[in-house]
Amino acid sequence: MTKRGDELVALLVLLFVVGSPVMSCISFTSETLQDQPIVITSNAGFLLQGYPGNGSIDNPYLIEGLSITANQECISISDTDAHFIIRNCFLQSTSGPALYAVSFDEVLNGIINNCTLISMTSWMPPGGDVVYSGYGVRVSASSNCTVMESNVYGNEVGVSLIDSVSCIVKGNSIHDNSVGIFLDRSTDCVITNNTLQNNREHLLVSRSTSCTITNQTIFGGNYGIALQTSENCALIGNQMEGAGVLMMFADDAKDWNHTFDENRVNGLPIGYLRRQQDKLVNGTAYGQLILAECTNMTVVEFDVSNATAGIQIGYSTDCLVANSSLCNSSWAAILIFSSSDISVKESLMQGNLLCVDIVSSTRIHVSRNMLASNFHAIYSGESDQSTIIDNTIKDGMGTGIHLFDCDEMIITGNDISANYHGIWLSGCTRSTISGNSVFNCSSYGITLGYDSSMNQVYENLVGWNGFNALDEGSSNLWDNGINRGNNWSDYLGFGWYSIPGQAGSSDRYPSSLADSPSLSWVLPTIALAVFGITIVVVVAVRLVRRDNISKSNGVSI
């Protein structure tokens with residue numbers, strides 16, 4: 001039966017009910033509808049539940065003025081194409097898991113206007129911690145729906161559009177959620193004129209196409225707007241303070257193909273440079289910089305703080321970042337994605353979650369940088385044939401250099417101190433760690449993790465870490481195979497140095513370190529002094545013995 005047929009049947013049923021001697025004594029008032037959850041599964045549901053209107057664009061069904069607090073979804077509407085408006089309602093779902101204040105599923109032509117939408121739902125899985133999982137509004141497999149001028153807070157996700165087309169989210173105050181607005185697998189949606197603040201993450205666009213994001217006002221958060229495996233989106237006139245745009249995961253270069261215009265971070269414009277080459281970019285003009293499909297670009301004097309990710313380089317080659325300062329990024333100071341022959345050198349990166357985040361790239365060169373008080377300093381995954389040379393990496397809460405699933409990497413000449421982990425390779429092969437100093441890390445100095453093999457570690461100074469080394473891989477060498485191993489603070493001075501871990505590795509040519517990194521000169525000095533004193537004593541003894549022998553033989557000397 002068609003939806004129009006459903007409506008006629010519902011009308012007949014309603015007339016029968018109203019005319020019934022039994023039902024005529026029941027009064028359908030606004031009090032009867034208030035505070036009760038609403039479930040509508042067809043156009044007929046609006047008629048059966050007595051909402052005013054006829055479902056046309058000029059006379060939509062109206063659900064208005066309700067205050068519903070329930071331990072289930074407050075309003076659930078599915079399989080409708082009639083026009084309707086939910087207006088001036090307070091809707092709060094209070095238990096879970098995964099409940100919504102309002103949910104639309106396969107809905108056309110629905111509007112939510114001037115409502116308060118809360119889903120403070122939580123549940124505890126067996127043996128687990130509390131999980132918050134409610135949505136203020138969830139619009140799924142729907143078209144031409146609008147969420148507008150509403151107050152959305154206290155949710156895991158404030159407003160979500162999933163598998164939806166031509167939907168609008170506009171003029172809302174969206175705050176104090178884990179995620180403010182979430183688009184997934186949606187097309188031609190418009191997000192405009194919303195204020196987002198105190199959300200952990202504000203606006204995430206995932207696997208979506210041709211969406212328009214305009215005139216948002218965004219304060220703080222891990223990121224302002226994140227684009228993940230999405231293409232051909234337009235970001236226009238967005239203003240962000242304390243956060244910026246994040247280019248997340250991508251399948252290919254088209255996922256970095258977007259339109260940027262008049263967006264600002266901390267009062268400065270976002271520079272989006274696509275398919276440009278052979279240029280020198282002075283970073284002082286920008287609050288954030290994105291290079292997409294660029295070649296032979298040089299970025300200098302970029303001084304930025306609190307921008308989510310200061311510089312993002314995707315699908316680019318032969319680019320250089322130098323003489324810059326990137327601090328307090330909630331994601332990464334520099335993000336390098338699916339690129340090659342990128343150099344980062346002689347820059348300061350401090351107070352970031354990640355300093356240099358390298359993903360699916362080759363021949364990345366990080367050298368002579370000061371990386372201080374970050375969580376992870378250099379974080380590289382699925383990237384090969386890169387070098388990390390002569391950096392100072394200190395005072396981090398995470399790992400100084402963390403590589404996973406990388407091959408043929410060179411880590412040399414770095415001064416790594418007072419991090420949680422020093423150097424950590426996981427799933428890496430044929431890489432070299434040499435000539436580094438790794439001191440005073442509270443966990444491990446150098447770790448070769450599971451599935452790491454055929455790596456070589458030698459001529460490093462490793463001392464006073466929680467544990468100096470760990471090898472959970474296989475076929476790794478902890479010396480150069482000839483005559484040079486590493487210097488260890490806990491080496492006893494004889495025999496091989498055993499490396500803890502299931503690999504059963506050893507440094508066959510170990511040496512000792514001084515009592516402290518700052519006193520590394522003491523032992524050689526003491527040794528030289530002892531040698532000198534010994535020579536003096538030996539000479540004196542020999543002279544005395546010679547004098548005594550001469551006297552006993554009656555020989556005058």
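**Briefing: core, sheet and cysteines of a predicted model**

Leaving aside its neighbours within four places in sequence, Phe 104 is in contact (heavy atoms within 4.5 Å) with Ile 77, Phe 84, Ile 86, Gly 110, Ile 112, Arg 138, Val 139, Ser 140, Ser 142 and Cys 145. This is a predicted model, in which local features need pLDDT of at least 70 and side-chain atom pairs count only at pLDDT 80 or more, while totals for chains, interfaces and linings use all residues. Residues are numbered from 1 along each chain as its sequence is written, and side-chain values use heavy atoms, with hydrogens and water left out.

**Nonpolar cores**

- A nonpolar core is a set of buried Ala, Val, Leu, Ile, Met, Phe, Trp, Tyr and Cys residues joined through side-chain atoms within 4.5 Å; buried means under 20% relative accessible area, with a 1.4 Å probe and protein chains only.
- The largest such core has 116 residues, and Phe 104 is among those with the most contacts inside it, together with Ile 63, Ile 77, Ile 86 and Leu 91.
- A second, separate core comprises 12 residues, including Tyr 135, Val 157, Leu 246 and Met 248.

**The nine-stranded sheet**

- Strands are DSSP runs (E, at least two residues), numbered from the N terminus, and two strands pair if DSSP finds at least two bridges between them.
- An open sheet is formed by 9 strands in the order S2-S5-S8-S13-S16-S19-S22-S25-S28, with parallel pairing.
- Strand S2 (61–64) and strand S28 (259–261) stand at the edges; each has a single partner strand, so one side of each is left without a neighbour in the sheet.
- From one strand to the next, the twist averages 5 degrees, the axes being lines fitted to C-alpha atoms and the angles running from 0 to 180 degrees between N-to-C directions.
- Within this order, S22 (residues 212–214) and S25 (residues 234–236) run parallel and are joined by 3 bridges; Thr 212 stands opposite Ala 234 in S25.

**Strand S24 and its partners**

- In S24 (residues 225–228), Ile 225 and Leu 227 point one way and Ala 226 and Gln 228 the other way, and all are buried.
- S24 pairs with S21 (residues 201–206) in the parallel sense over 4 bridges, and Gln 228 is the bridge partner of Ser 206.
- S24 also pairs with S27 (residues 245–247), in the parallel sense over 3 bridges; here Leu 227 stands opposite Met 247.

**Cysteines**

- With a disulfide taken as a pair of cysteine sulfur atoms within 2.5 Å, the count comes to 0.
- Cys 167 is buried at 0% relative accessibility, and its sulfur is 4.8 Å from the closest cysteine sulfur, in Cys 145, too far for a bond.
- Cys 211 is likewise buried at 0% relative accessibility, and its sulfur is 4.8 Å from the closest cysteine sulfur, in Cys 189, too far for a bond.

Technical notes:
Buried means under 20% relative accessible area, exposed over 50%, partly exposed in between (1.4 Å probe, protein chains only).
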